[in-house]
Amino acid sequence: MHDGLELKDVTIRKGGNVLLSLSRKIEPGEVLSIMGPSGIGKSTLLSFITGTLAPAFEGEGRIVLDGNDITEVRPDKRRVGILFQDDLLFPHLSVGANLAFGLASGGSKAERTAKIEEALAEVGLEGYANRDPATLSGGQKARVALMRMLLSEPCALLLDEAFSRLDADRRAQVRSLVFARAMDRNLPVLMVTHDAEDAKAAGGEVITLGTSTPTGEAP
Ligand SMILES: Nc1ncnc2c1ncn2[C@@H]1O[C@H](COP(=O)(O)OP(=O)(O)OP(=O)(O)O)[C@@H](O)[C@H]1O
């Protein structure tokens, strides 16, 4: 059972200046959208949650996932899944081998193959395991990236402009698929987007962070 993702008094600073502050719990099955001007620190907030904050920033506050404080937990042990605008598939590996990266180790070869086939079927890509990612459309690659991430059984999903490289039709399709698969698993979803349509489609609360950078710098 998931218990949601809670950001407790999170503040991100750069060079001592506050970029953003947020305190909010995202419940299982809820999508919270974050919008705001370029450079305000939206992606940086996500990197604080995944544990990959760049050295230029200081992060403060606590991150609680499914009731556990993960603020000091190693990034690969946090069970936070993230999708970016780039699908980040390994180009030299087949679709199936890419998906295998999401799977926890263990299980027989047959079990692993079955899980990969099941994952492909979930996003309408039955029989694609041996395909080279370069032969897939942008939307198909995005679906593979989604399933690779979900196979790792995350407890929360972060989206960083995840649909922005897709054309309007594919964008709407992939977006519905991502929300549907996240809702099947009852995951809390935190989405950073520039696109009002994304936020509308998410159906949840939209938080718009500052209209100018608190540092006074041009974004
Ligand atoms: N690794 C880094 N080192 C130093 N500064 C960085 C680094 N990454 C981003 N920045 C700067 O920190 C600020 C916040 O960046 P961030 O990418 O989080 O903003 P954002 O709100 O996600 O912007 P966008 O909407 O354009 O993606 C920006 O001024 C950016 O130039």
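Reader: By class, what residues does the shell around the ligand have?

Author: This is a predicted model. In it, the shell around the ligand has four nonpolar, five polar and two charged residues.

Reader: Which residues are around the ligand?

Author: Lys14, Leu19, Ser38, Gly39, Ile40, Gly41, Lys42, Ser43, Thr44, Ala54 and Ala56.

Reader: And which helix gives the most to that shell?

Author: Helix α1, residues 42-50, with three residues.

Reader: Different topic. Where does glycine 16 lie?

Author: Glycine 16 is in the loop that runs between β1 (5-14) and β2 (17-26).

Reader: Does glycine 16 count as buried or exposed, and why?

Author: Glycine 16 counts as exposed because it has 7 C-beta neighbours inside 10 Å, and the cut-off for exposed is 12 or fewer.

Reader: How many residues apart in sequence are glycine 16 and phenylalanine 57?

Author: They are 41 residues apart in sequence, and their C-alpha atoms are 8.6 Å apart in space.

Reader: On to the helices. At what angle do the axes of α2 and α4 cross?

Author: The axes of α2 (residues 95-102) and α4 (residues 138-151) cross at roughly 30 degrees and come within 6 Å. Angles under 35 degrees count as roughly parallel, so α2 is roughly parallel to α4.

Reader: Is the crossing of α2 and α4 left-handed or right-handed?

Author: Right-handed.

Reader: Which residues meet there?

Author: From α2 there are Val95, Asn98, Leu99, Phe101 and Gly102, and they meet Val144, Met147, Arg148, Met149 and Leu151 of α4. By class, the residues of this contact are seven nonpolar, two polar and one charged.

Notes:
Residues are numbered from 1 along each chain as its sequence is written. This is a predicted model: local features need pLDDT of at least 70, side-chain atom pairs count only at pLDDT 80 or more; totals for chains, interfaces and linings use all residues. Axes are lines fitted to C-alpha atoms, for helices over the stretch in contact, and angles run from 0 to 180 degrees between N-to-C directions. Helices (H or I, at least four residues) and strands (E, at least two) are DSSP runs, numbered from the N terminus. Angles under 35 degrees count as roughly parallel, over 145 as roughly antiparallel, 65 to 115 as roughly perpendicular and the rest as oblique. A crossing is left-handed if the near helix is turned anticlockwise from the far one by less than a right angle, and right-handed if clockwise. Two residues are in contact if their C-beta atoms, placed from the backbone, lie within 7 Å. Ala, Val, Leu, Ile, Met, Phe, Trp, Tyr, Cys and Pro count as nonpolar, Asp, Glu, Lys and Arg as charged, and the others, Gly among them, as polar. A residue is buried if 20 or more other C-beta atoms lie within 10 Å of its own, exposed if 12 or fewer, and partly exposed in between; C-beta atoms are placed from the backbone. A residue is near a molecule or strand if its C-beta atom, placed from the backbone, lies within 6 Å of it.
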